[in-house]
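Visitor: I am new to this structure and would like to go through it by question and answer. Please show it to me before we start.

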Amino acid sequence: MLITIAAALTPILIFAGFRSYLNAQDARAERRNNLTEISDRAIDEVEQVLSTVDTLQQIYEADIVAGDCRGVFATLSPRVPQLSNIAYFDSEGFTQCSALTERPTLKVAQPEAFEQLKAGKTTIRTDAFFGPQSQTWLFSVLRRVEDGDGQFRGAMAFPLRTDELIRTIRLTNLPDDVELALSDGDGQVFGSTRIVGISNTWIKAATGDPDGELFVLKTKDGRSIDVVVRAIVDGRIYAVISRPSPGLFSEFTLQPLESVGIPLLSFSLALIAAWLAVDGLVLKWLSRLRRLALIYGEGHYNFRIGEEFANAPDEILSFALTFDRMANRIADRDSSLRAAINTRDAAVKEIHHRVKNNLQIVASFLNLQRRQVSDPAARQVISAARHRIDALSIVHQTLYQHERLETVHMRPFLEALLSHLSGALGMDELHVNIVQKIEEIDRPADDAIPIALFLLEAVTNAIKYAFDETGGTINVTLTEDKAGEEIVLAIADDGFGADVDEASDAGPSGLGSRLMAAFAKQLRAKHEVSSTPGGGYTVSLRMPGTERVMKTTDF
């Protein structure tokens, strides 16, 4: 019914819309002309500054070439506040003098423009670039310098600050809703709170049209902005004038209002009457069905429709009852899945617990065996094996003590491991202190074992080789960058240090180094070592933060 009424009234609306479209075109042209008049003032201001700079370059050329860049800058900066620096470059592009540095050694920041001057062009105005000395965005005016024979001698550069140029064009009286900004030939916009950049299509249109063209820019929040882009000089600097658009309806349908008012009113009244009829028969029940679907979607499968749809049309009632039966079946299946997952989690935890117990038994066997071995080297090898098995035991103990089996909280996990190592390695007797700085980070359970063993090898190597009888400090840090892209585990001591290539067990051929390299490869991480004789020894493991996605579940 709604479609039939709408089809009958559509020809009237089409005719009214066509009239409104023609009126909107006139309004669009008026909006463009209004912004163009404002842009004329901005263009005059910038062209006056550029003309002044051209004149000043010719007047002070001799002083600048003679090396008095700072003196000329001190003279001109009060008259030209946009001026950021004055520099002179020799024929090879190296700085001979600069107002900002006493001993300039920089090369010209715009080599392409410099080459054009070298080829014979007199003056070039560059695109915007970030000044290495002023640390701000600049438009530069470069001028060719010749010797007495007309040969290329170098170039003068007068960089102009974009923020000061924008302040210059905003000195004119502007309406509150109008914003003036500048753009370079690449479409990069400066001084605008509305526009970050404009397309190359707009730049090309503005370059070939002295009167400017009106464009409509859509913002992320759905609003429209009128934008006029006009070239100021050489296709390098553009004025960007913007103001909020009147909106879609003002452009295409409701200007003037009387051309569509009566047809639209008739159309609306007919649709409202049809809507009220349809709402009572269909839409009210569809809304209840939607609410029922949302309730089931949130997992409340035990909700029943009761008598809520008793007076609904037969089709709607049948659909609601089908929903109800579907929810019952989903609830039964959901209950079965939860029970299965709980059983699985209990079994996995039991496995971790038994593995931990078995590893402790193995460690005890090794400890007994160590007592029966008299060779110090063999005893040391058995102790190292026992420490590694203890680390694996701590991993499995941590896994079955947490509710979520797929991830490990690194702070309590590493703190427990370091506490064990402190006692097992006798750090108190050796006067070695461990300083920890471990952030709250979760890692997949599959990563826990190689991380623990990497830490074990690094700390063990530090105890063996870093200190004398006076002891020292081992710093253990685990950090994550703000973007979450990299996690770094670092073990640093303040001991003797060493030439990395000549370190014994920590060197490239040592067992500890080979094991740590293997653990790093397993984690898809980067293993780094840095040390200097007398400056301590640092081992780090750089792991990807987002590459290894952790598994999660709602159960």
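**A guided look at the chain**

Guide: Glu528 forms a salt bridge with Arg542, and their closest N and O atoms are 3.1 Å apart. A salt bridge here is a side-chain nitrogen of Lys or Arg within 4 Å of a carboxyl oxygen of Asp or Glu. This is a predicted model, in which local features need pLDDT of at least 70, side-chain atom pairs count only at pLDDT 80 or more, and totals for chains, interfaces and linings use all residues. Residues are numbered from 1 along each chain as its sequence is written, and side-chain values use heavy atoms, with hydrogens and water left out.

Visitor: Which strands hold Glu528 and Arg542, and how many residues apart in sequence are the parts that the pair ties together?

Guide: Strands (E, at least two residues) and helices (H or I, at least four) are DSSP runs, numbered from the N terminus. Glu528 lies in strand β17 (residues 526-531) and Arg542 in strand β18, so the pair ties together parts of the chain whose separation in sequence is 14 residues.

Visitor: Which residues do salt bridges with shared partners join into one network?

Guide: Glu528 has a relative accessible area of 24% and is partly exposed. Arg542, at 30%, also counts as partly exposed; the term covers values between buried (under 20%) and exposed (over 50%), with a 1.4 Å probe and protein chains only. The network consists of Glu486, Lys526, Glu528 and Arg542.

Visitor: About how many helical turns separate Arg354 and Glu350?

Guide: These two residues form a salt bridge, with the closest N and O atoms 2.8 Å apart. Arg354 is exposed at 53% relative accessibility, whereas Glu350 is partly exposed at 35%. Because they are 4 residues apart in helix α9, the separation is about one helical turn.

Visitor: Is Glu457 buried or exposed?

Guide: Glu457 is found in helix α13. Leaving aside neighbours within four places in sequence, Glu457 is in contact (heavy atoms within 4.5 Å) with Arg388, Gly512, Leu515, Met516 and Phe519. Its relative accessible area is 3%, so Glu457 counts as buried.

Visitor: How many residues of strand β7 are buried?

Guide: Glu179, Ala181 and Ser183 point one way from β7, while Leu180, Leu182 and Asp184 point the other way, and all are buried. For strand β7 (residues 179-184), the count is 6 of 6.

Visitor: Which residue in β11 stands opposite Leu180?

Guide: Two strands pair if DSSP finds at least two bridges between them. Strand β7 runs antiparallel to β11 (residues 237-244), and 6 bridges join them. Opposite Leu180 stands Ile241.

Visitor: Which residue in the hairpin of β7 and β8 takes a positive phi near 90 degrees?

Guide: β7 and β8 (residues 189-190) run antiparallel and are joined by 2 bridges. Their hairpin has 4 residues between the strands, and the one with this phi is Gly187.
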